[in-house]
Amino acid sequence: MTQKVAVLGTGKIGEALLSGMIRAGWAPADLLVTARRPERAQELQERHGVTPVSNQEAAKTADTLILTVKPQDMGTLLDELAPHVPADRLVISGAAGIPTSFFEERLAQRTPVVRVMTNTPALVDEAMSVISAGSHATAAHLAHAEEIFGAVGKTLRVPESQQDACTALSGSGPAYFFYLVEAMTDAGILLGLPRDKAHDLIVQSAIGAAVMLRDSGEHPVKLRENVTSPAGTTINAIRELENHGVRAALIAALEAARDRSRALASGNS
């Protein structure tokens, strides 16, 4: 792999991406990083062997720029980069809610832009990264983005019009599962279990259920029915979940997350 890739604004997700790319065969010498704090850049160099550079140097020398700063900082970063980014550079954005048109309007004409929404399981190589093409991105650009983000998990191409929904489902999705595990752990304590035992029971059950969903090919309704015996414990628990409107609350929560993603795109803080 000879193309140089720069990760700009390298936080936890950016570092996870770098680490995954190196494990997948990218040479550290081909990976550039920028960070707001010099000590952070030095830390990345010592830990991964990558090369710290300025934002301007990254724009001039890298073949692909991956922008991982927070959405509210993206405009400032683009103002800094724009004079230095040639039109043939591939720009990949990992910022929630910001459309590819935002980048195309601020960079050289016909700059290829790819929008990616990944999630925190990138830290353990189990990310779900959703990829969309801007107006000037080709199939080759999408394939290159898939190659990069495939180093830390699974990728899926979607039309950009679906990105806000994907942000609600998978970008924010891990937090919902953590929230559910937290609530179930509290329930286990209420039922008399020590916290560590309740945690182990729930986490392994979650892992097993996820693997079954991924590998069995069965609809989740079928898998749930397999656990739900007539007049048994599970159906009584399901009844309480329905009585408390858990399904409706989840749907409303995902709509709220989607709407917030749209608000970010419109510049509302």
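I take a crossing as right-handed if the near helix is turned clockwise from the far one by less than a right angle. The model I am examining is a predicted one.

**Entry 1: α7 and α12**

I applied that convention to α7 and found that it passes α12 in a right-handed crossing. I then looked up the geometry of this pair: α7 and helix α12 (residues 246-265) pack at about 130 degrees, and their axes are 8 Å apart. Angles from 65 to 115 degrees count as roughly perpendicular and those over 145 as roughly antiparallel; α7 and α12 are therefore oblique to each other. I listed the residues in the contact: α7 contributes Asp164, Ala165, Thr167, Ala168 and Leu169, while α12 contributes Leu254, Ala257, Arg258, Ser261 and Arg262. Sorted by class, the contact of α7 with α12 holds five nonpolar, two polar and three charged residues.

**Entry 2: α7 and α8**

I turned next to the contact of α7 with α8. Helix α7 (residues 163-171) packs with helix α8 (residues 173-190) at an angle of about 35 degrees, and 5 Å separates their axes. On the α7 side I noted Ala168, Leu169, Ser170 and Gly171, and on the α8 side Gly173, Pro174 and Tyr176. This contact of α7 with α8 has four nonpolar and three polar residues, and no charged ones.

**Entry 3: the annotated span 160-263**

I checked the UniProt record, where an unreviewed entry places "domain: Pyrroline-5-carboxylate reductase dimerisation" at residues 160-263. In the model I find residues 160-263 to be 82% helix and 0% strand, with the end C-alpha atoms 16 Å apart.

**Entry 4: the annotated span 4-97**

I also found, in the unreviewed UniProt entry, the annotation "domain: Pyrroline-5-carboxylate reductase catalytic N-terminal" over residues 4-97. For residues 4-97 I recorded 40% helix and 19% strand, with the end C-alpha atoms 27 Å apart.

**Entry 5: α1 and α2**

I looked up how helix α1 (residues 12-23) lies against helix α2 (residues 38-48): they pack at an angle of about 20 degrees, with axes 12 Å apart. Angles under 35 degrees count as roughly parallel, and α1 and α2 are therefore roughly parallel to each other. I noted that α1 passes α2 in a right-handed crossing. From α1, Lys12, Glu15, Ser19 and Ile22 meet Arg40, Leu44, Arg47 and His48 of α2. I counted the contact of α1 with α2 by class as two nonpolar, two polar and four charged residues.

**Entry 6: the sheet**

Which order do the strands take in the open sheet of eight? I read it as β3-β2-β1-β4-β5-β6-β7-β8, with mixed pairing. I identified β3 (51-52) and β8 (153-157) as the edge strands, each of which pairs on one side only. Within the sheet, strand β1 (residues 5-8) runs parallel to strand β4 (residues 64-67), and four bridges pair them. I traced Ala6 to its bridge partner in β4, which is Leu65. I then found helix α6 (residues 139-149) packed on the sheet, where it touches β1, β4, β5 (90-93), β6 (113-117), β7 (127-133) and β8. I noted that the direction of α6 makes about 160 degrees with that of β8.

Note on methods:
Residues are numbered from 1 along each chain as its sequence is written. This is a predicted model: local features need pLDDT of at least 70, side-chain atom pairs count only at pLDDT 80 or more; totals for chains, interfaces and linings use all residues. Side-chain values use heavy atoms; hydrogens and water are left out. UniProt positions are given in the numbering used here, feature names are shortened, and annotations may be inferred rather than shown by experiment. Helices (H or I, at least four residues) and strands (E, at least two) are DSSP runs, numbered from the N terminus. Axes are lines fitted to C-alpha atoms, for helices over the stretch in contact, and angles run from 0 to 180 degrees between N-to-C directions. Contact means heavy atoms within 4.5 Å. Ala, Val, Leu, Ile, Met, Phe, Trp, Tyr, Cys and Pro count as nonpolar, Asp, Glu, Lys and Arg as charged, and the others, Gly among them, as polar. Two strands pair if DSSP finds at least two bridges between them.
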